Amino acid sequence: MRAALITRLDGPDAVEVVEVDEPSGDDAVLIDVHAAGVAFPDALLTRGLYQYKPDLPFSPGAEVAGVVRSAPAGASVAAGDRVLGLTMLSGGMAEVVALPEDRVFKLPDAVPFDAGAGILFNDMTVHFVLRTRGRLSGGETVLVHGAAGGIGSSVLRLAPALGAARTIAVVSTEEKGEIARAAGASDVVLADGFRDAVKELTDGRGVDMVVDPVGGDRFTDSLRSLAVGGRLLVVGFTGGEIPQVKVNRLLLNNIEVIGAGWGAWTFTHPGYLQEQWAELEPLLASGAVAPPQVEVYPLEQAAQAIASLENRSAKGKVVLKLR
């Protein structure tokens, strides 16, 4: 089978598409992959900068969409089923994957494979951020940084369905603002001067929640943009810099900074993925939450797809098409 492999740790250009052996389907769900998701950790993996450091060479990719080739007796899926699957850390950018049953989920008929490959990693992360860690309540206002990216656009799609009354998208360019509007943003502001714009939009009150996958120098102004009792959810650092918090800022308005590491949570909470999908699947199947708008690359351009996450040129969720 064909697979995208990281062969050395000097960036996305190290990704090569080569022929490798297919995985064994023994005691696993074997999936013929139609599309695979691309995420920011894949870019970090190409430079050895992610906390997970597999031995070279290895295939990146945390999520797939495809058709079950075979499954163990008694599994919840069977040969021919359209499914989504989580590798969680690596191995997804290949024509065939073998996964444990608890990381395979039936894909709603209304969702195509390309869009499906962009659902699990981002939407489950965001569901965890908003529901479990952020404690989103009905009627609240959510601000999200990097709103044109995979996590950001997922927040804009999911937050209203989970109770938010308003979403404010922070973007770096007007072009990315159009992507955020298409994802459902109530308001769009540019990163340069976003604090003042948010103050004006909320009549000085501030927002109830900030979702921040970017980090960097906008962190302090994010804290200052929170309403009394607001929460800032730390999701990642695509901006490259890990900010520091002066904790006296938390006292003034009784605000919180909350870490939201979905992957680590799933490893210590058995059954949590199934709980999440039980809530997300009906929303996607009914159309209450639209599938993500995706930017599709062929497998042969895996290096360019990953590079688009590193250089922040990606527009929405990036996926690879394998079939």
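In this predicted model, domain 1 and domain 2 bury about 1100 Å² between them, and 59% of that area is on carbon and sulfur atoms. On the side of domain 1, the residues that lose the most area to domain 2 are Phe40, Arg312 and Lys315, which together make up 42% of what that side buries.

**How the chain is divided**
- The domain assignment builds domain 1 from two stretches, 2-118 and 292-321, while domain 2 runs over 122-263.
- Taken over C-alpha atoms, the centres of domain 1 and domain 2 are 28 Å apart.
- Where the two meet, domain 1 brings 12 residues to the contact and domain 2 brings 16 residues.

**What holds hands across the interface**
- Between domain 1 and domain 2 there is one salt bridge.
- Glutamate 175 and lysine 315 form a salt bridge, with their closest N and O atoms 4.0 Å apart.
- One residue pair is in polar contact across the interface of domain 1 and domain 2, counting residues at pLDDT 80 or more.
- The side of domain 1 that touches domain 2 consists of six nonpolar, two polar and four charged residues.

- An unreviewed UniProt entry carries the annotation "domain: Enoyl reductase (ER)" for residues 7-320.
- That span, residues 7-320, is 29% helix and 25% strand, and its end C-alpha atoms lie 19 Å apart.

Terms used: Residues are numbered from 1 along each chain as its sequence is written. This is a predicted model: local features need pLDDT of at least 70, side-chain atom pairs count only at pLDDT 80 or more; totals for chains, interfaces and linings use all residues. Side-chain values use heavy atoms; hydrogens and water are left out. Domain bounds come from an automatic or database domain assignment. Contact means heavy atoms within 4.5 Å. Buried area is the accessible area (1.4 Å probe) that two parts lose on being put together, summed over both. A salt bridge is a side-chain nitrogen of Lys or Arg within 4 Å of a carboxyl oxygen of Asp or Glu. A polar contact is a pair of N or O atoms within 3.5 Å; within protein, one must be able to donate a hydrogen and the other to accept it, and residues adjacent in sequence count only if both atoms are side-chain atoms. Ala, Val, Leu, Ile, Met, Phe, Trp, Tyr, Cys and Pro count as nonpolar, Asp, Glu, Lys and Arg as charged, and the others, Gly among them, as polar. UniProt positions are given in the numbering used here, feature names are shortened, and annotations may be inferred rather than shown by experiment. Helices (H or I, at least four residues) and strands (E, at least two) are DSSP runs, numbered from the N terminus.
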